[in-house]
Amino acid sequence: MASLLELVDVSLSFRGVKALNALSFAVAEGEICALIGPNGAGKSSLLNVINGVYRADSGDIVFDGSRFEAIRPGRAARLGIGRTFQHNALFRRLTVRENVLAGLSRHGEASFVENIFRFGRDGRERTDFAGRADHVIAFLGLEAERERIVATLPYGIQKRVDLARALVSEPKLLLLDEPMAGMNQDEKRDMSRIITEVNRAFGTTIVLIEHDVGIVLGLASHIVVLDYGRKVADGTPEAVRNDPDVIAAYLGTVH
Amino acid sequence: MTTIQDSIPEAGPAEALPSGATLLQIGLVAAGLVIAFGLVPSLASDYWLSSIIIPTVVMGLAGISLNLLQGYAGLVSLGSAAFMAVGAFSAYNLILRVPGLPLPAVLLLAGLIAAVVGVFFGLPALRIKGFYLAASTLGAQFFFPWLFTNYPWFSNNSQSLTISAPRLEFLGYDLQSPLGRYLLVATVTALLIGLAFLVVRSRLGREWMAIRDMETAASVLGIRVARRKLQAYAVSSFFLGITGVLWGFAYLGTADAHTYNLDKSFQILFIVLIGGTATIFGNFLGAAFIVLTPILLDHVVLAANIAYLSDQGAITNLQRVIFGAIIIFILIKEPDGLSAWIRRGVGALRARLGR
Amino acid sequence: MAYFLETLIAGLFAGLMYGLVAIGFVLIYKASGVFNFAQGAMVFLAALVFVTLVEHGANFWVAFALTSGLMVLTAVAVEALVLRPLRNRDPLTLFMATLGLSFVIDGAAQFFLGTDVHMLDLGIDDIAEDYGGLFISWFDIVASLIVVALVAVLGIVFSRTRMGVSLRAVADDTLAAQSIGIRLPVIWRIVWSVAGVVALVAGLLWGARQGVQFSLSLVTLKALPVLIIGGFSSIPGAIVGGLIVGASEALADIYLGPLVDGSVSTWFAYILAVAFLLVRPAGLFGDRDIERV
């Protein structure tokens, strides 16, 4: 399978600390790739670089055939890169439905005048957006909450709204930043099932960050292990599980 | 396609107001129109119209204008009055130099000119975030009074640099009387309220609120943040321009550059604060407060017969203290303003009545 | 050329006075993270109380001490009634609270002490003397010395005393500072008191120059560009910002003024500030905030 995403020698520093150190790996189209590693290994920074929230100091990113040194978040979105956030960057004062609708912004073509006065392309856009939003809301079991203001919802539901918002625009590549953080085992199993289903049903390539290694070994077909911003292992779950460098990174004996 | 059904905790009290037009909302709008165009004109005295109702409605409109920018799009502005000035002076010059323009066209063009100016002063928003943005609109607030004072051309070279209201008329109807001016103000306001709702309930309004709540996430979703911010300045300033014309022509009668000063911008800011951010009707609550408090205070002072305070300066200062204290109080107790307080009250009432 | 130098020097001195007022803002911003719109009102209040005491027979030092005492009381009241209830709110809310506070202070000051203009004589000559082509007055020199002394004293306090170090800790990381036992309300009361005394000094100098009247309160509006340029959290920055604004305003009036047939100093500083923000969003000396997602 062709690689949808490739990182070539990407480095990033914050106030003197190297968050990412000459990182290179490739993600094949249609696969689920998990990024694991101890805290502070640079995983969130990596996602931020891929979709343009941070600008790498050096190195390139190749997405869907196009090569970038840096990309702006809006452009990344329009190319079909979607993501969820570790700390739930939901639009707090909007409802679930409005949050999901906002996720469709990159598909909007009507001008603002058409939007305001409800003519031209706005009508078609409204029905189209509403349909897509309803579909994803149903898919993720959020119908009961659709008119609730997200700030009032429990954490687990918020995480699903975040996912719905990222999913609704049918991205080619979906970056999930700790989608199971704060969940119990049952919830994690459900989220795992959702992720698998999204990948199967829509063919979305998924890159996710996750701490629960057990879940990850069952969910992902490709695992990349990071430690101190460097790649420590890169391969199938079986290969990674038995890699001594990986074990050492987690246990802290070799640095 | 699998759907995942989780057990979800019982729905709590916080629900968004229904976004479709419900029977109740249609009823309220109808009632509002009846009151505005039926009851008020027939019952209100000239004094009430001229001194209380017209300024309240116009300042409420000013509140809506600022609310669109600050409450919905999250962009700070301390220069609202400056854009009102641009509208007023533009209208004056249009009427003066382009003969035969009907009143609606004048209002529309004045609004558009103010919108363009607003976009210009909003450009820094593309790079500057948060509170620092106040510097740009504050700059506008100092620039325009200077501009209109320094170049007498804007006020037709009048000695006192004032602009006075033209003969207000439309389709042959004379709008000079208090009633006429009220109808003008009410009609324009009703139309602009309608426009405000259209804007806020459109994709534009939704994306503004997204940018307000979490800008990074908004850009990550593909929302064109820069474009939306400039559109916010454009729409808000359009509203402010028209408001400025109404304030100068339908309420005051004459205006000069200093009519639309920093104090006025602060008043509008207070209206938004008191009435509530991200509301439309709340602004009229705030405006009522701003307009009525000085009047009430005057009456209280008169009634209490406090000779000490009959000095106008002292009353003004007392008003200042009261205003300031109320601002602080509202910020502490009810940061979302009176409309949130009312909404909560209504919610509690509904809960009490058992839905 | 001499004309340019003259204007520049005059502008610099004016800028130093701006810087003096800006110091008060910096102190409060460092400790509470808020732009204190009421600082100008505090300058006005301090000057008005002082001048009223003097007019009722108090000598300079007694008046100074009593006024300082009042500023301390004001600081305590503000901390209890405004700052503490609004802890952890966003900067815009805090700014609006200080806006409300400025109304309260301005209104109360004039309600109790009247709206007349008072002349304030500090006994320092304000007549420009010719120093080899440059016109400087004794007042300019004294004012500059006071500002320098103030900056030096504050600098020493921040780096050598426990209180100063605590303040810097609070400015750096409020939660961490609290977790090692620094009590925020105490810090806030102290900082606002010091800011109040600085306001008094500024009020005396400004009041001597232009009389003690309500317009003194409006120096706040000049402070914002000064702070934007110099950074909100640096005292030397406030001075540098003040110098830049003062000098630019004076030069702009002389050189741009004729082009537009009027004085541009009412708004020029703001355009300058916006230009700075576009290039250096944190000001010359300020802290750059990194936005973490």
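This is a predicted model: local features need pLDDT of at least 70, side-chain atom pairs count only at pLDDT 80 or more; totals for chains, interfaces and linings use all residues.
Me: Which residues of α3(C) are buried?
Reply: C:A63, C:T67, C:M71, C:T74 and C:A75 are among them. Further along come C:V78, C:E79, C:V82 and C:L83.

Me: Zoom out. How many helices and strands does chain C have?
Reply: Twelve helices and two strands. From the N terminus, the order is α-α-α-α-β-β-α-α-α-α-α-α-α-α.

Me: And how does the radius of gyration of chain C sit against the globule rule?
Reply: The radius is 19 Å, close to the 19 Å that the rule gives for 293 residues. So chain C is as compact as a globular protein of that length.

Me: What box do the C-alpha atoms of chain C fill?
Reply: Roughly 60 × 55 × 35 Å, along the principal axes.

Me: What share of chain C is buried?
Reply: Buried residues make up 48% of the 293. As for contacts with a separation of 6 or more, 75% join residues 24 or more positions apart.

Me: Switching to chains A and B. How many residues does each bring to the contact?
Reply: Chain B gives 32 residues and chain A gives 41.

Me: Which helices of chain B supply at least two residues each to that side?
Reply: α6 (178–200), α7 (203–213) and α8 (215–220) of chain B. The largest share, seven residues, comes from α7(B).

Me: What classes of residue are on the side of chain B that touches chain A?
Reply: 16 nonpolar, nine polar and seven charged residues.

Me: Is B:N157 buried or exposed?
Reply: Exposed, because B:N157 has 9 C-beta neighbours inside 10 Å, and 12 or fewer counts as exposed.

Me: What about B:L161, where is that residue found?
Reply: B:L161 is in the loop between α5 and β1 of chain B. Its phi is also positive, near 55 degrees, and B:L161 is not a glycine. With 17 C-beta neighbours inside 10 Å, B:L161 counts as partly exposed.

Me: On to chain A. What pLDDT does chain A average?
Reply: 87, with 96% of the residues scoring at least 70.

Me: Where in chain A is confidence lowest, and where is it highest?
Reply: Lowest in helix α10 (residues 244–251), at a mean of 72. Highest in helix α3 (residues 96–102) of chain A, at 95.

Me: Which domains does the assignment give for chain A?
Reply: Domain 1 is 1–79 + 174–182 + 206–255, and domain 2 is 81–170. Their centres, taken over C-alpha atoms, are separated by 27 Å.

Me: How many residues does each domain of chain A put into the contact?
Reply: Domain 1 gives 17 and domain 2 gives eleven. On the domain 1 side, α1 (43–50), α2 (73–79) and β7 (173–177) of chain A each supply at least two residues. By class, that side has eleven nonpolar, three polar and three charged residues.

Technical notes:
Residues are numbered from 1 along each chain as its sequence is written. Chains are lettered from A and ligands numbered from 1 in the order in which they are written. Helices (H or I, at least four residues) and strands (E, at least two) are DSSP runs, numbered from the N terminus. The radius of gyration is taken over C-alpha atoms; the globule rule is 2.2 Å times the number of residues to the power 0.38. A residue is buried if 20 or more other C-beta atoms lie within 10 Å of its own, exposed if 12 or fewer, and partly exposed in between; C-beta atoms are placed from the backbone. Two residues are in contact if their C-beta atoms, placed from the backbone, lie within 7 Å. Ala, Val, Leu, Ile, Met, Phe, Trp, Tyr, Cys and Pro count as nonpolar, Asp, Glu, Lys and Arg as charged, and the others, Gly among them, as polar. pLDDT is the predictor's confidence in each residue, from 0 to 100. Domain bounds come from an automatic or database domain assignment.
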